[in-house]
Amino acid sequence: MKKSKFTSTQIANILKEFDSGKSVEEISREHGVSRATFYNWRRRYGGMEASELKRVKELEEENAKLKRMYANLALELDTAKYIIEKKL
């Protein structure tokens, strides 16, 4: 997964700027993010504080790690089943 160049506090501050009345064009120009990125952040993290945002990102990373672990174990299980079937 690509690492964001913005920290959770920076994302929260950018979203707060929008809530305080700045336009999306101004925010995207100042911070160097696309409008699509801003709207994705707003959809995903809207209304969260920086600490909540950090926790969500940690949970997403942990979830991705667990998915990779599951995929590896499932592959090993399929391989083991295939080998056992060949021997019988």
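A residue counts as buried when its relative accessible area is under 20%, and as exposed when that area is over 50%, with partly exposed in between. Keep those cut-offs in mind for the views below, which are all taken from a predicted model.

View 1. Trp41 has a relative accessible area of 10%, so it falls in the buried class. Its ring partner is Phe6, and the two form an edge-to-face aromatic pair, with 5.3 Å from centre to centre and 80° between the planes. The pair links distant parts of the chain: Phe6 sits in the segment before helix H1, Trp41 belongs to helix H3, and 35 residues separate them. Phe6 is buried as well, because its relative accessibility is 14%.

View 2. The structure's count of aromatic pairs comes to three.

**View 3. Helix H1 and its buried side.** Here we look along residues 8-19, the twelve residues of helix H1. At 1.5 Å a residue, this helix should span 16 Å, and the 17 Å between its end C-alpha atoms agrees with that. Which residues of H1 are buried? They are Ser8, Ile11, Ala12, Ile14 and Leu15. These residues lie on the same side of H1, because they cover an arc of only 160° around the axis. A helix has 3.6 residues a turn, so residues three or four places apart point the same way. The cover over the buried residues of H1 includes helix H2 (24-31), helix H3 (35-45) and helix H4 (50-87). After H1 comes Gly21, which has a positive phi, near 125°.

**View 4. Ser8 and its contacts.** Ser8 is a residue of helix H1. With a relative accessibility of 13%, Ser8 counts as buried. What does Ser8 touch, leaving aside residues up to four places away in sequence? Its contacts are Ala50, Leu53 and Lys54.

View 5. Lys22 and Glu17 meet through their side chains, at 3.5 Å from N to O. Lys22 is partly exposed, since its relative accessible area is 26%. In the other salt bridge, Arg35 pairs with Glu25, again with an N to O distance of 3.5 Å. This pair links distant parts of the chain, with Arg35 in helix H3 and Glu25 in helix H2, ten residues apart. Both ends are partly exposed: Arg35 has a relative accessible area of 43%, and Glu25 has a relative accessibility of 36%.

View 6. Glu58 and Arg55 form a salt bridge with 3.7 Å from N to O. Both residues lie in helix H4, three residues apart, which is about one turn of the helix. Glu58 is partly exposed at 37% relative accessibility, and Arg55 is partly exposed at 47%. Elsewhere, salt bridges with shared partners join Glu17, Lys22 and Glu30 into one network.

Definitions and conventions: Residues are numbered from 1 along each chain as its sequence is written. This is a predicted model: local features need pLDDT of at least 70, side-chain atom pairs count only at pLDDT 80 or more; totals for chains, interfaces and linings use all residues. Side-chain values use heavy atoms; hydrogens and water are left out. Helices (H or I, at least four residues) and strands (E, at least two) are DSSP runs, numbered from the N terminus. The expected span of a helix is 1.5 Å times one less than its number of residues. Buried means under 20% relative accessible area, exposed over 50%, partly exposed in between (1.4 Å probe, protein chains only). The arc is that of the directions from the helix axis to the C-beta atoms. Contact means heavy atoms within 4.5 Å. Rings of Phe, Tyr and Trp (its six-membered ring) pair if their centres lie within 6.5 Å; planes under 30 degrees apart count as stacked, over 60 as edge-to-face and the rest as tilted. A salt bridge is a side-chain nitrogen of Lys or Arg within 4 Å of a carboxyl oxygen of Asp or Glu.
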